[in-house]
Amino acid sequence: MQNKGLITAFAIALGLASLYQLSFTWVANSVESDAEAFSAGDAEVKTAYLDSMMSQEVYPGLNFTYAEVKKNEMNLGLDLKGGMNVILEVSVKDVLKGQVANAQDPLFQQTLTNTDVAQREGQNNYLNTFFTEFDALVAETGGGRMLSDASLFGTPEMTEKVGFNASNEAIQAEIRRDVEAAIANVFTVLRARIDQFGTTQPNIQRLEGTGRILVELPGVKDPARVKKLLQSTAELQFWNMYEANEVVPTLFAIDEKLAEVIEAEKPVTADSVSIDLNDLNIDENAEASVAEESSTPDLPEVIIEAEEDSALAEETTDSSAVNSRNTPLLNVLRPAVDFQQNMFLPGPSIGDARISDTAKVNELLSRPEAAIILNTEIRNVKFIWNHNPGGIGGELDRIILFAIKGNNAGIPDLDGGAIVDARPDLDEYNRNIVTMAMNGTGAQKWQRLTAEAAAQTPKRSVAVVLDNYVYSNPQVQNEISGGRTQITGNFTQEEAADLANILRAGKLDAPARIIQADVVGPSLGKEAISDSINSFAIALLLVLVYMYFYYSGAGLVANLALFVNMFLIFGLLASFRAVLTLPGMAGIVLTIGMAVDANVIIFERIREELRMGKGLRAAIVDGYKNSNSAIIDANVTTLIVGIILFAFGTGPIRGFATTLIIGILTSLFSALFISRLVFEGRLDRKKNVSFSTKLTEKWYTKINFDFLRKRKIAYGVSAVVIAVGLFSLFTKGLNLGVDFEGGRSFQVRFDQPVEVSEVATSLSEQFVDEDGNTFTPLVKTLGDANQVIITTNYRIGESGTAVDEDIESKLYAGVKGYFVKDIVQENFFTDDTEEAIGLVGSRVVGPTIADDIKTGAVYSIIFSLIVVFLYILGRFRKWQFSLGAVAALIHDVLFVLGIFSLLDGVLPFQLEVDQAFIAAILTVIGYSLNDTVVVFDRIRENMGSRQANFLDGVNKSLNQTLSRTFNTSLTTFFVLLIIFLFGGEVIRGFMFALLLGVLVGTYSSLFIATPVMFDATKKDKK
């Protein structure tokens, strides 16, 4: 074996890298186990414990904090731990309405109507369709109107940017910029909002080229609140700000008052530290001198003690500990005071708090006692948090609090509607800045605002507030007139671009609408993990036992390679920050079965070499050499399918593709190199390696079945089955899920068995629209009789918070009567009961994205067939091989589709066609190709040895590979069967499709692909 040392070094390095990445998961689980033990089952105590550990070093030797460890641990998908997966789409229609001068203009209104209709029938994006429909209407009416028309987009703001009577192309380019800014702005706002939900490892990403945003929130406890917050519109505002020295003394006064009130409400038993505002000795009349020096007169020792106590209090977030110290506010809010220098910190930061304590700070500052003091000392003050984590000292687990100067109306003097343009730029020192331009009215207000800030000593800052978070707080050096402004700060290039997008899009009313949402309750996630682990363990044990039974000592080497393979798969998933989903777990378990295939091909070839009389070392060398072509071809074709699935799939399906791709690569490495290193090590030590047992030694060696002479029978059987399936497809059709039809699906678990017909009748009485139309839902049992899937298209064309609330209230009203014990609406929707009953999962797919999914599914299958045809043509140099392979694939797809149509409603589980089913179809394509290519490779080899008779040579090749075909198919089939039986109801239909695929794929590689290739070759020769 060449380069043995290099391969060994690479294997060790890869193993160490995987071990390092997986160690973060082990450390995180260890901390969470300690939290579980400490909390004794109390969820709030556990959360407080974990919050307190965020900044603590928990990784011995490497000094990683718990927050850093959590960031690097393996990501579990929402279907394994519960949570929400939401795809939002920015409403371009609303952006256009916000830009047009007269939204009621007949031409504009008709263009919107035509665009809406075209969107339901096509796949183009909304903005392109709008421009196309506008041009068509103008040509049809002959009015000759331009986009720059004063009633359309020829607004003063647009004219200032592109000039008078600008061309349609110039207007379109500017509108596209505004729409892009709106999408970027929504993304920025959502990225800040997800911090409010108290989830670990949240994920938000733009789906490039679609105007859509994906948000994943693991472990979220209130899905309804999350949906409402995600879809609300943000507002951009500008406010003058207070300095720390103007506000912090009032915070001490509030803390003292709250301490008295809380002490009266609940007696304090522990020693406490009392802080008297009078002890501060701050001369409030000497404000000018304080401001100039940014310091206070000598602060008494008690202040330093209070800071020390506050630091000690940061050890816990338990409210009783806060109260016991008698400094309720200062225990959770660290004031902007330098106690060592006896001075207030300069600038607008009035303090900071742990991110987990912000809700407590908000609660304390909104209490009536605090409001009385604030109205006396600093009337109309408004407290707002920074949008980015980072304390006064730079601590990442803390966040800064600001105080802005409000007014009685609570309305800012200046908002985002005044901004004409904003762009990231560089100043003369090559530093990142943002340039901003305002309209005439806005420029006047901005001049007043900046004049007030610049007139004070020290110069004050202006807060740029979006969604009640401070995104920037530049200090105003001089009064700014004319509306053109440079905003400076220590911006990175990305931060400057984000701020420019916020300013530019702040005037646009661009709500994000949920077009797809998946909610998995925590109980369902726990069950999924349990089912996955059980099926994984049983399937792995089954494979290990079979490999040892059939291949003896070599089987043990294959098992070692399999363990290395599993270790590398999980290590690489952690390294790439890939998300492990339930279909992904199925992909890993499927990889167990398919990983055996490479070893089986090698071992069967070695056994052939041994039967030819070669020595053990020579047989192993030749066995590996002669197996390489078949192994690489078989795995490359499957890899191609995995890549296509990754490219066209979304969410969990992409997770399945990721694990499949990684599994194929690690399987190849383990089989070709790890097992061979073990074999050569044993041979170097003069030890024997056995490749069979006495019982299995002669298996499959004396079979000489005439496959080709039976091909017409196989053609007839396949033709009958496919014809029946096609008849069912055209008459009965498929059970299309909400992925392809659009709609809402709810998984509800009751505390008793229910009749689906009764539940459907009850819900149909609720799902009635304003015109009196009744929408009868489809209700099916899922597993046990106490669990159902409810699917409805009631109000499917609508979105928004009000629509969600209407549907959810009607769903609850329709099913609440079927629970033995009364369940309140809050518990029904939060899956927060000990019995894990109520709404345990839901899915929403809008009609637009359903069309996209359907189109993507069709493209992925067609593209797979084309790529496979071309690959096999390139490898085998004969179009007949490509034809045989593609014919077998079409046969397999039609076979599985037909069976799904025929047996839907007959079997005791759902045969729903959704994204997971498409993943199964593509996997079937990959598996069938794997089988077919191995046979074709042996035919090519035998043809190269000048077989006298082509028919006999093909038959011989089929019989020679029969041992590999049956061994791989059996192990894969039984692995899938284990998952089918023990993997849970959610993926049962998915696994049934894969089981069918293994059976039909094995059959087609023997009786369809090779015979079709043979017939085509024979006709070509004639």
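Two strands count as paired here if DSSP finds at least two bridges between them. Strand β7 (residues 236-240) and strand β17 (residues 462-466) meet that test, with five bridges joining them in an antiparallel arrangement. Please keep in mind as you look around that this is a predicted model.

- The mean pLDDT of the protein is 77, and 83% of its residues reach 70 or more.
- Confidence is highest in strand β8, at 92, and lowest in helix α13 (residues 301-313), where the mean is 30.
- Residues 268-325 have a pLDDT below 50, although in the model this stretch makes 90 contacts beyond near neighbours in sequence.

**The eight-stranded sheet**

- Eight strands make up an open sheet with mixed pairing, and their order is β8-β11-β13-β12-β18-β17-β7-β14.
- At the edges sit β8 (334-335) and β14 (414-415), each of which pairs on one side only.
- Helix α17 (residues 440-454) packs on this sheet and touches β7, β13, β14 and β17. The direction of α17 makes about 35° with that of β7.

**Strand β12 and its two partners**

- Strand β12 (residues 381-386) is mostly covered, with five of its six residues buried.
- On one side, β12 pairs with strand β13 (residues 398-405) in the antiparallel sense, over five bridges. Here Val381 stands opposite Lys405 of β13.
- β12 also pairs with strand β18 (residues 469-472), this time in the parallel sense and over two bridges.

**Strand β13, covered on both faces**

- Eight of the eight residues of β13 are buried, so the strand is largely enclosed by the rest of the structure.
- In a regular strand the side chains alternate between the two faces of the sheet.
- One side of β13 carries Arg398, Ile400, Phe402 and Ile404, and the other carries Ile399, Leu401, Ala403 and Lys405; all of these are buried.
- Strand β11 (residues 349-354) runs antiparallel to β13 and is joined to it by five bridges. In this pairing Ala353 stands opposite Ile399 of β13.

**The three-stranded sheet**

- Another open sheet has three strands in the order β15-β16-β19, with antiparallel pairing.
- Its edge strands are β15 (419-426) and β19 (485-487), and each pairs on one side only.
- From one strand to the next, the twist averages 25°.
- Seven bridges connect β15 to strand β16 (residues 432-438) in the antiparallel sense, and Asp425 stands opposite Ile433 of β16.
- Helix α17 turns up again here: it lies across β16 and β19 and runs at about 120° to β16.

**Helices α5 and α7**

- The axes of helix α5 (residues 92-99) and helix α7 (residues 126-141) come within 9 Å and cross at roughly 55°. That angle makes α5 oblique to α7.
- The crossing of α5 past α7 is right-handed.
- Val92, Lys93 and Leu96 of α5 make the contact with Tyr126, Leu127 and Phe130 of α7.

**Helices α24 and α30**

- Helix α24 (residues 711-731) and helix α30 (residues 879-903) have axes that come within 8 Å and cross at roughly 50°. The two helices are therefore oblique to each other.
- α24 passes α30 in a left-handed crossing.
- On the α24 side, the residues that meet α30 are Ser718, Val721, Ile722, Val724, Gly725, Leu726, Ser728 and Leu729.
- On the α30 side, their counterparts are His891, Leu894, Phe895, Leu897, Gly898, Ser901 and Leu902.

Note on methods: Residues numbered from 1 in each chain as written. Predicted model: local features only at pLDDT ≥ 70, side-chain atom pairs only at ≥ 80, totals over all residues. Heavy atoms only, no water. Buried < 20%, exposed > 50% of the residue type's maximum accessible area, 1.4 Å probe, protein only. Helix = DSSP H or I, 4+ residues; strand = E, 2+ residues; numbered from the N terminus. Contact = heavy atoms within 4.5 Å. Axes fitted to C-alpha atoms, helices over the stretch in contact; angles between N-to-C directions. pLDDT = per-residue confidence, 0-100. Parallel < 35°, antiparallel > 145°, perpendicular 65-115°, else oblique. Left-handed = near helix turned anticlockwise from the far one by under 90°.
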